[in-house]
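Q: I have just opened this one and would like to go through it step by step. Could you take my questions as they come?

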Amino acid sequence: MFKEFKKFISRGNVMDMAVGVIIGSAFGKIVSSLVDNILMPLIGVLIGGIDFSGLTFQVKDAVISYGIFIQSILDFLIIAASIFCMMKILAKLSHKKKTEEEKEGPKKPEDVILLEEIRDLLKGTTKKDK
């Protein structure tokens, strides 16, 4: 059973997924900081400093905090828009890199280039000898 678990863990897909989760978590912290520390204060200034988190109403003994829900929706929309913009930028950069590589054409391995040079040199000497 331990060997099967070791095989499962060492497979590429599991490792890729683990790296993706770790990077996603770190990226999530960056985006949350962007929203909490930069965008929300600016939005607060634009809408007159309204804080939704304090909006509540009471039904008998239960307190319904709908303002926190509204704030969470706004946070989600801002985070989603930020990620969308980042993905668009990365896609443009990736596309630009691909088009540059396509213009250059396929790269030949160094040994193939060396063999072609030797072939051309040999052809050149045989032409001189004739």
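Q: Which residues form a nonpolar patch on the surface?
A: This is a predicted model, and in it the nonpolar surface patch is formed by L55, F57, V59, I64 and Y66, which together have about 400 Å² of accessible area.

Q: Where does I64 lie?
A: I64 lies in strand β2, which covers residues 62-64.

Q: Okay, aromatics next. How many aromatic pairs does the structure hold?
A: The structure holds one aromatic pair. The pair is made by F57 and Y66, whose ring centres are 5.8 Å apart, and both of these residues also belong to the nonpolar surface patch.

Q: Why is that pair tilted?
A: The ring planes of F57 and Y66 stand at 40°, so the pair is tilted, because planes under 30 degrees apart would count as stacked and those over 60 as edge-to-face.

Q: What about the accessibility of F57 and Y66?
A: F57 is partly exposed, with a relative accessible area of 42%, and Y66 also counts as partly exposed, at 34% relative accessibility.

Q: Changing topic, how many salt bridges are there?
A: There are two salt bridges in the structure. One joins the side chains of E116 and K108, with 3.0 Å from N to O, and in the other the side chains of D120 and R119 meet at 3.2 Å, again N to O.

Q: How accessible are E116 and K108?
A: E116 is partly exposed at 23% relative accessibility, while K108, its salt-bridge partner, is partly exposed with a relative accessible area of 46%.

Q: And D120 and R119, what are their values?
A: For D120 the relative accessible area is 43%, which makes this residue partly exposed, and R119 counts as partly exposed as well, at 40% relative accessibility.

Q: Last one, Q71. Where is its place?
A: Q71 has its place in helix α3, which covers residues 66-104.

Q: Why does Q71 count as buried?
A: Q71 is buried because its relative accessible area is 17%, and buried means under 20%.

Q: Which residues does Q71 touch, then?
A: Leaving aside residues up to four places away in sequence, Q71 touches M40, D51 and F52.

Key
Residues are numbered from 1 along each chain as its sequence is written. This is a predicted model: local features need pLDDT of at least 70, side-chain atom pairs count only at pLDDT 80 or more; totals for chains, interfaces and linings use all residues. Side-chain values use heavy atoms; hydrogens and water are left out. Helices (H or I, at least four residues) and strands (E, at least two) are DSSP runs, numbered from the N terminus. Buried means under 20% relative accessible area, exposed over 50%, partly exposed in between (1.4 Å probe, protein chains only). Contact means heavy atoms within 4.5 Å. Patches are made of residues with over 30% relative accessible area and no salt bridge: like charges are joined within 9 Å, nonpolar side chains (Val, Leu, Ile, Met, Phe, Trp, Tyr) within 5 Å. Accessible areas come from the Shrake-Rupley method with a 1.4 Å probe; for residues, only the protein chains shown count as cover. A salt bridge is a side-chain nitrogen of Lys or Arg within 4 Å of a carboxyl oxygen of Asp or Glu. Rings of Phe, Tyr and Trp (its six-membered ring) pair if their centres lie within 6.5 Å; planes under 30 degrees apart count as stacked, over 60 as edge-to-face and the rest as tilted.
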